[in-house]
Amino acid sequence: GRARQLRSLQIAQASNSIAPALSWAIGTSSAAARVTNKSALMLEDLQSMGIEQPSAPLLKAFLVSSARRTEKASQAINDLENAQPGARDACEDAIGYGIADARRATWCDEHSVIMWYQGAIDADEIAYFQVPVPAELVGTTGRKRLTVTLVHHPVVQPRGFGTYIGLGLK
């Protein structure tokens, strides 16, 4: 019923006081370092597979698709939904996608495959992709999962916000 801090999700850092020597930090400053590390591990892995210049959106797609929520986070979402129907979306927004796994991002086992596309699709255009389905799965029943992750890389105004002032935006 209340939020608690978990040391396992925090980053130890040198304290600015004599005692204690270590302090613990959380937040986007801490998350940025972890995501950068995982991105570097994925970059190294992709380059070893021959993908010399993976784009930032491709790395982001791999990070997002590898993220999994902990069992406790999933249970918390389910508990909240049971206690307050309709609150699931707000809870999922707060918890996020989960924790990215650099190893899982680019690794396949005998029951999975990762397909990727790195390129641009112009505005008002449609791209079709073939997804090969093994013959063993075509006529079977049971649970199967197809995960699609799309990352958009919008064009950023290179001259800054000041160029929009002429449009009446201030």
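Helices (H or I, at least four residues) and strands (E, at least two) are DSSP runs, numbered from the N terminus.

**Entry 1: the model and its numbering.** I noted that this is a predicted model, in which local features need pLDDT of at least 70 and side-chain atom pairs count only at pLDDT 80 or more, while totals for chains, interfaces and linings use all residues. Residues are numbered from 1 along each chain as its sequence is written, and side-chain values use heavy atoms, with hydrogens and water left out.

**Entry 2: the loop at Ala 87.** I looked up Ala 87 and found it in the loop between helix H3 (71–83) and H4. Buried means under 20% relative accessible area, exposed over 50%, and partly exposed in between, with a 1.4 Å probe and protein chains only. For its neighbours I used contact, which means heavy atoms within 4.5 Å. Leaving aside residues within four places in sequence, Ala 87 is in contact with Leu 80 and Glu 81. From Ala 87 to Ile 77, ten residues away in sequence, I recorded a C-alpha to C-alpha distance of 8.6 Å.

**Entry 3: the whole chain.** I counted six helices and two strands in the protein chain. Along the sequence they follow the pattern β-β-α-α-α-α-α-α. Of the 170 residues in the protein chain, 15% are buried. Among contacts between residues at least 6 apart in sequence, 48% join residues at least 24 apart. The protein chain exposes about 14,100 Å², of which carbon and sulfur atoms supply 56%; accessible areas come from the Shrake-Rupley method with a 1.4 Å probe, and for residues only the protein chains shown count as cover.

**Entry 4: the nonpolar core.** I next looked for a nonpolar core, that is, a set of buried Ala, Val, Leu, Ile, Met, Phe, Trp, Tyr and Cys residues joined through side-chain atoms within 4.5 Å. The largest one has ten residues, including Met 42, Ile 51, Phe 62 and Ala 105. Which elements give two or more residues to this core? They are helix H1 (28–48), helix H2 (56–66) and H5. H2 provides the largest share, four residues. In soluble globular proteins, nonpolar side chains tend to be buried together.

Entry 5: Ser 39 lies in helix H1 and counts as buried, because its relative accessibility is 17%. Not counting residues up to four places away in sequence, Ser 39 touches Leu 59 and Leu 63. With that same exclusion, Ile 51 touches Leu 46 and Trp 116.

**Entry 6: two further loops.** I found Ile 99 in the loop between helix H4 (88–95) and helix H5 (102–105). Ile 99 counts as partly exposed because its relative accessibility is 40%. Asp 124 is in the loop between H5 and helix H6 (135–138). At 83% relative accessibility, Asp 124 counts as exposed. I also noted that Asp 124 has a positive phi of about 60 degrees although it is not a glycine.

**Entry 7: a charge over a ring.** A charge sits over a ring if NZ of Lys or CZ of Arg is within 6 Å of the ring centre and within 35 degrees of the ring normal. I recorded Arg 103 over the face of Trp 107, at 4.5 Å from the ring centre.
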